[in-house]
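Work through the exercises below with the model open. Try each task before reading its solution.

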Amino acid sequence: MDYRTEAPPILRDFLVYHETIQGHSRKTVDEYYLDLRNFFRFLKHDKNLVSRDIPLDDISIDDADLSLVRDVTLTDIYSYMNYLSRDRGLNNASRARKVATIRSFYKYLTNKAKLLDANPVQDLDSPRLKKSLPKYLNLDESLELLDSVDGKNSTRDYCILTLFLNCGLRISELVGLNKTDVRGDQLRVLGKGNKERMLYLNDACQRALEDWLTERDSLALVDQNALFVTLQNRRRISTAAVHKLVKKHLSAAGLDSTQYSSHKLRHTAATLMLQNGVDVRTLQEVLGHDHLNTTQIYTHVDNEDLRTAAKANPLGGARKKPKKEKKDE
């Protein structure tokens with residue numbers, strides 16, 4: 001699939017903008033393309049611009065242009081959401097992502113490309129999502145996970161788990177690390193949208209990195225840049241390999257590997273930092289979140305400090321409600 005050749009100009013310009021200016025990954029841009037291609041197909045079918053006999057997935061969007069997208073109303077989009085739910089069986093989270101793509105597309109047409117005078121989806125509501133707290137390991141479980149690391153790849157795996165649990169890295173960030181990104185007590189991380197951030201390394205991370213770098217530098221590597229490599233082919237470790245090793249060590253620690261993952265270790269790092277006095281704005285910087293709202297989900301986790309604060313209130317003790325005396329009638 002190549003959106004540069006398959007997408008009509010009005011859509012291709014939007015996708016190029018996100019890849020080149022916004023710095024979004026090719027995978028993200030491809031998902032935008034698929035979302036909008038399906039939306040355009042629905043519009044053409046719903047507005048009787050093509051034969052009803054043509055299956056939706058076979059409708060061409062080559063002729064999609066400004067006249068098609070300009071006339072879209074909120075009613076059209078809510079009909080599309082209904083179709084996704086009723087006919088495609090998509091849940092609220094999946095439909096919310098598609099709403100976000102449509103919003104982004106029309107925001108681009110209005111504010112950047114200046115092809116629309118007014119944004120027709122300005123007041124578009126997104127499907128209501130059930131807020132769920134992130135799963136995470138507690139401190140004891142985190143220590144059990146680290147203590148369980150053993151085997152021929154133990155030095156590398158221990159270092160990877162230590163960085164996940166202490167720095168809250170995304171798996172893509174960890175896999176993309178180069179040896180030159182380790183700079184004394186700092187780690188250069190390239191996050192989403194190619195945004196760079198510097199993280200300070202605590203003693204545990206520095207020791208784990210020193211041990212791994214000593215072992216790594218003794219290997220005849222095919223990839224001289226990659227910080228983490230597989231010992232089998234000496235090339236940069238893949239996301240699949242990291243997922244596999246995380247699951248392996250979770251199981252070895254007696255933890256449910258179906259409930260936890262590398263991303264849950266990121267949640268663990270965030271939760272432990274917050275519970276131990278890191279303020280939410282600092283945590284936002286550590287995690288590389290663009291918006292504070294994304295970070296604030298961690299403020300809802302079970303925090304012992306909040307329990308202590310509640311118990312400290314002088315009105316918090318168990319008291320009997322005084323009975324009112326009945327007046328003589």
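**Exercise 1. Find how H7 and H8 are oriented relative to each other, parallel or antiparallel.**

Solution. This is a predicted model.
- Step 1: locate the pair. Helix H7 covers residues 139-147, and helix H8 covers 154-167.
- Step 2: take the geometry. The two axes come within 10 Å and cross at roughly 165°.
- Step 3: apply the cut-off. Angles over 145 degrees count as roughly antiparallel. H7 and H8 are therefore roughly antiparallel to each other.
- Step 4: The crossing of H7 past H8 is left-handed.
- Step 5: list the contact. H7 brings Ser142, Leu145 and Leu146, while H8 brings Tyr158, Leu161, Thr162 and Leu165.
- Step 6: sort these residues by class. Five are nonpolar, two are polar and none is charged.

**Exercise 2. Describe how H2 meets H6.**

Solution. Follow the order used above.
- Step 1: locate the pair. H2 spans residues 9-21 and H6 spans residues 92-112.
- Step 2: take the geometry. Their axes come within 11 Å, with a crossing of roughly 90°.
- Step 3: classify. The range 65 to 115 degrees counts as roughly perpendicular, so H2 is roughly perpendicular to H6.
- Step 4: list the contact. From H2 come Ile10, Leu11, Asp13, Phe14, Tyr17 and His18. From H6 come Ser104, Phe105, Tyr108, Leu109 and Lys112.
- Step 5: sort by class. The contact of H2 with H6 has seven nonpolar, two polar and two charged residues.

**Exercise 3. Work out which residues line the second largest pocket, and which helix gives the largest share.**

Solution. Begin with the space itself.
- Step 1: the volume. The second largest pocket holds about 310 Å³.
- Step 2: the lining. Its residues are Lys152, Asn153, Arg156, Asp157, Thr230, Leu231, Gln232, Ala241, Lys244, Leu245 and Lys248.
- Step 3: the helices. H8 and H11 (239-252) each supply at least two lining residues. H11 gives the largest share, with four.

Terms used: Residues are numbered from 1 along each chain as its sequence is written. This is a predicted model: local features need pLDDT of at least 70, side-chain atom pairs count only at pLDDT 80 or more; totals for chains, interfaces and linings use all residues. Side-chain values use heavy atoms; hydrogens and water are left out. On a 1 Å grid over the protein atoms alone, a cavity is a set of points where a 1.4 Å probe fits but cannot get out, and a pocket is an open set with protein on both sides within 12 Å along at least five of seven lines; lining residues have an atom within 4 Å of a point. Grid points are joined across faces, edges and corners, and a volume is the space filled by probe spheres set on the points. Axes are lines fitted to C-alpha atoms, for helices over the stretch in contact, and angles run from 0 to 180 degrees between N-to-C directions. Angles under 35 degrees count as roughly parallel, over 145 as roughly antiparallel, 65 to 115 as roughly perpendicular and the rest as oblique. A crossing is left-handed if the near helix is turned anticlockwise from the far one by less than a right angle, and right-handed if clockwise. Contact means heavy atoms within 4.5 Å. Ala, Val, Leu, Ile, Met, Phe, Trp, Tyr, Cys and Pro count as nonpolar, Asp, Glu, Lys and Arg as charged, and the others, Gly among them, as polar.
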